[in-house]
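I opened this notebook to record what I looked up in one structure. The entries follow the order in which I consulted the model.

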Amino acid sequence: MQKLQNMREIITLLVITFFGWIQYANAQPNYIMVNDTAAACHNNLIITGQTGNYSEIESVVSVDWGDGTNSLYTFSADAHSPFKITATHTYTDAGIYTTMTRVYNAVHDIWMDTTVYYQLTMDPSACGTIRIITKKADYPNYTYRDALVDFTDVTGKTTTISPHRTGYPSYYNYEGLDLYQAPYSVTLNPKWLQEHHLTQTSAPLTITSFNWSGVANPSTYQFLTTCAVNTTTIPDIKLENPMAYQFTTTGQKGYVHFDIRNLSCSDTLNATVSIDFPNGCLPVITDLTNPVINGNTLSFKVKNVRSYLDSASRTVPFAFPASTPPGTQFCFDIHISTPNESNLSDNSANVCTFLSNGYNPVNKLVNLNPIIDSQNVETFTYKINFQNSDIVNVKHLKILDSLSENLDLSTFKVISSSHGVSTYLDESARVVTFTFHDPDIVPDIYGLGWSQLEIIYSVSEKAGLKGGTVIDNMAYIYANYKPAIITNTTHNMNEAPLLLDELLLKEISIFPNPAQDKLYFSQDINEIRLYDASGKLVLEQSNILDDEISLNGLQSGFYQAVVKTNYRISTQKLVIKK
């Protein structure tokens with residue numbers, strides 16, 4: 001009897017436990033889902049779910065925000081009914097936060113099994129956004145796609161921001177503003193206006209505040225411009241952003257890129273492009289207009305370059321044999337022209353690169369040769385490349401770039417960016433900060449196109465730098481608040497191999513230039529030295545007869561020629577083309 005009684009008690013306990021478990025299971029939500037609002041500041045969670053067989057009376061959603069704070073939200077729902085809760089939180093520090101969401105049933109005094117973890121990327125110091133359209137008053141159907149805008153906060157700090165173009169029809173969002181630094185005074189960037197020969201005619205904008213999602217008040221604005229007074233209508237085009245990049249042995253192809261900007265206020269111009277390319281390279285002309293190859297010179301047309309739109313960009317691929325050894329230097333001479341051009345000083349550029357074993361997904365490039373002429377004030381065009389090799393999307397990217405004390409910060413200018421960027425130049429620290437808010441760069445396993453980001457800027461060296469002055473540059477890239485990725489260091493040096501007396505300098509003509517087999521001089525000389533693009537002395541000759549020397553044994557490329565007479569020294573650039 002005792003064993004039977006014990007068996008009945010065990011069965012009863014199992015039945016009670018079974019039905020209790022069923023009641024517990026029925027009391028749980030069938031599911032919980034968590035998403036954010038994808039607003040600029042990412043501080044809203046949308047929590048949705050559906051109840052079990054029992055009504056969720058006096059139930060509570062608990063959100064652990066991942067920064068040491070929690071929030072509770074009560075709700076009631078009938079059986080099998082959906083519920084939706086909007087949870088709001090303001091973070092005070094930038095970072096990546098993992099939230100934890102759970103549901104508590106007060107009737108049954110139990111925590112539900114369903115727990116959801118969700119990650120938020122938050123930066124309240126750079127999440128404000130506003131939509132701005134910039135138009136030319138006499139061309140109302142056209143919008144400037146590259147308009148730079150200055151935002152001056154309540155402390156007087158000015159940040160220059162380029163537009164992030166999204167959607168169709170196109171919207172131009174300016175992102176990366178600090179929510180806690182309003183009000184902002186907003187105007188078009190003066191350098192951008194000057195370059196385009198424009199005057200801002202609309203009033204400056206004042207951003208008074210931001211809402212919880214980072215949207216400015218007002219949320220949209222339109223700037224109007226007109227041609228500046230006394231703006232010339234004489235054609236004026238400019239060669240910008242010349243680069244030779246991604247020449248790799250694996251690809252057997254590299255690229256020469258440049259922009260043509262029409263600096264005339266209202267004209268539409270046609271341009272002719274010529275590129276002198278080195279032996280061992282062959283241009284791919286499939287996508288060019290009226291291409292002609294004559295020896296080692298490629299020429300083609302670029303039509304309808306409009307001043308009130310973006311500059312015309314061209315990228316020309318150049319193929320080379322698989323047998324080309326790594327370390328081979330490729331140099332290209334680019335020239336643009338248009339009929340009746342008014343200013344030829346900014347129409348040409350020389351760019352060089354070295355053939356590498358593979359593409360570096362994170363690097364920094366400069367358009368000038370390592371050895372530069374100390375007699376000229378050179379302008380450096382820097383390009384920073386980033387490729388996402390992680391397994392998650394990059395939602396926040398910041399680049400810090402220290403600028404050499406030998407650079408003139410007043411000449412600093414952002415040329416282009418693949419993503420919307422805010423730029424702040426701290427002149428006292430000589431550091432420029434590029435902040436990309438929510439660039440959403442996918443991992444490169446999904447394809448290279450959407451996994452890459454680039455930014456290009458220019459800055460000139462200070463005037464009067466002496467020979468031997470070095471200008472080095474590297475950048476620190478912070479992706480998703482992780483430790484910095486450090487780029488390579490670009491290296492340029494003002495070259496004056498011999499001491500020059502400025503009072504005795506006088507131009508000595510060397511010809512032909514480009515040269516092939518021999519080089520001639522306009523007067524008697526005592527000595528000549530030739531340095532290649534890397535600064536290496538490749539030829540030194542004295543006792544020169546008949547004012548000529550042989551160039552046998554020298555390869556095609558760009559050289560620095562230092563010529564000495566009894567009284568003077570002259571430093572000149574020389575091109576050798578075999």
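**Aromatic pairs**

I looked up the ring pairs and found 16 aromatic pairs in the structure. Rings of Phe, Tyr and Trp (its six-membered ring) pair if their centres lie within 6.5 Å; planes under 30 degrees apart count as stacked, over 60 as edge-to-face and the rest as tilted. I noted Phe247 and Phe332 as a tilted pair, at 5.8 Å centre to centre with 35 degrees between the planes. This pair links distant parts of the chain, for Phe247 lies in strand β20 (residues 237-248) and Phe332 in strand β27 (residues 329-337), 85 residues apart. Helices (H or I, at least four residues) and strands (E, at least two) are DSSP runs, numbered from the N terminus.

I then checked burial, where buried means under 20% relative accessible area, exposed over 50% and partly exposed in between (1.4 Å probe, protein chains only). Phe247 is buried, with a relative accessible area of 2%, and Phe332 is buried at 0%.

I turned next to Phe320 and Phe330, whose ring centres are 5.6 Å apart with planes at 40 degrees, so this pair is tilted. Phe320 is in the loop between β26 (312-319) and β27, while Phe330 is in strand β27, 10 residues apart. Both Phe320 and Phe330 are buried. I recorded that ring pairs join Phe247, Phe277, Phe318, Phe320, Phe330 and Phe332 into a cluster.

**Basis of the entries**

I note that this is a predicted model, in which local features need pLDDT of at least 70 and side-chain atom pairs count only at pLDDT 80 or more, whereas totals for chains, interfaces and linings use all residues. Residues are numbered from 1 along each chain as its sequence is written, and side-chain values use heavy atoms, with hydrogens and water left out.

**Charges over rings**

I looked for a charge over a ring (NZ of Lys or CZ of Arg within 6 Å of the ring centre and within 35 degrees of the ring normal). The charged end of Lys157 sits over the ring of Tyr424, 4.0 Å from its centre. Lys364 lies over the face of Tyr382, at 4.6 Å from the ring centre.

**The chain as a whole**

I read the secondary structure of the protein chain as two helices and 47 strands. Of its 578 residues, 46% count as buried. Contacts (heavy atoms within 4.5 Å) were also looked up: among those in the protein chain with a separation of 6 or more, 66% come from residues 24 or more positions apart.
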